[in-house]
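The sequence and structure come first.

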Amino acid sequence: MAYRIAPSLLSADFARLGEEVQAVIDAGADFIHFDVMDNHYVPNLTVGPLVCAAIKPYATVPIDVHLMVSPVDALVGEFAKAGATYITFHPEATRHIDRTIALIRDCGCKPGLVFNPATPLDYLDWVVDQLDMVLLMSVNPGFAGQSFIPYTLEKLRSARHHIHAAQQRTGREILLEVDGGVKADNIGAIAEAGADTFVAGSAVFTGNDYRQTISALRVALEKVS
Ligand code: DX5
Ligand code: ZN
């Protein structure tokens, strides 16, 4: 299993974002996770496409844009132009899920659907074949530094079944990402439950030595059977 670590810039130093992006990539990050919040879909406000475009020259790995905004569609083209590789959105935040997925694909990006802790996985029944990523929130979206919600482990197992079946049908890779409260002491259990891509905000950026923190996450992953 190839595991990917995606540090979330939400916990980075916003006055030095370009350097922070470079530093976590040098330390071994596989993706840059870019959290977009609108103070409407979630009770917090972060950054938009201008900031994504500003960090793009520093991002030598894919930018994984997590849209916590409603409506979604108007921002898709903006983030595609700003250099996003993945664009993920919450099904509750758009009126027409199938249309938004198609729009992301038409803009040249990889679409992903994000499930809040209490949102059922039923949406996958019809659209999983069109996705490149399924993202399970293991905290309620809006803030870094929250605790991992334990029932996400069972949900990950269920999402892994959906993805496995889709991959058998289509042969296409679909990443299973988890976001919220991921640390060195729980990443092993999260991987065992089926995740292959791990967002880590506070776990990476609150330490002084990014390489050491990312290595600790990888060491824990190596122990997964
Ligand atoms: C929360 C964001 C997360 C957040 C994760 O709404 O989507 O990406 O930054 O932060 P940690 O890893 O600190 O839980
Ligand atoms: Zn996120």
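Ligand 1 sits in the largest cavity, where sitting in a cavity is taken to need more than half of the molecule's atoms within 2 Å of the cavity's grid points. A cavity is a set of points, on a 1 Å grid over the protein atoms alone, where a 1.4 Å probe fits but cannot get out, and its lining residues have an atom within 4 Å of a point. Two or more residues of the shell around ligand 1 come from each of strand E2 (32-37), strand E3 (63-68) and strand E8 (197-200). Helices (H or I, at least four residues) and strands (E, at least two) are DSSP runs, numbered from the N terminus.

The model is predicted: local features need pLDDT of at least 70, side-chain atom pairs count only at pLDDT 80 or more, and totals for chains, interfaces and linings use all residues. Residues are numbered from 1 along each chain as its sequence is written, chains are lettered from A and ligands numbered from 1 in the order in which they are written, and side-chain values use heavy atoms, with hydrogens and water left out.

**The ligand site**

Ligand 1 is surrounded by 20 residues, the closest being Asp35, Gly142, Asp179, Gly201 and Ser202; a residue counts as near if one of its heavy atoms lies within 4 Å. E2 gives the largest share of this shell, 3 residues. By type, the shell has 9 nonpolar, 9 polar and 2 charged residues. Here Ala, Val, Leu, Ile, Met, Phe, Trp, Tyr, Cys and Pro are nonpolar, Asp, Glu, Lys and Arg are charged, and the others, Gly among them, are polar.

| Side chain | Distance to an oxygen atom of ligand 1 |
|---|---|
| His33 | 3.4 Å |
| His66 | 3.2 Å |
| Asp179 | 2.7 Å |

Taken alone, ligand 1 exposes 380 Å², and the protein buries 100% of that; the areas come from the Shrake-Rupley method with a 1.4 Å probe.

**The cavities**

The structure holds 2 cavities of 30 Å³ or more.

**The backbone**

The peptide bond from Ser70 to Pro71 is cis, with omega near 0°. Pro71 is placed in the loop between E3 and helix H3 (73-81).

Note on methods
Polar contact = N/O pair within 3.5 Å; in protein donor to acceptor, adjacent residues only side chain to side chain. 1 Å grid on protein atoms, 1.4 Å probe; cavity = no way out; pocket = protein on both sides within 12 Å on 5 of 7 lines; lining within 4 Å. Points joined across faces, edges and corners; volume = space filled by probe spheres on them.
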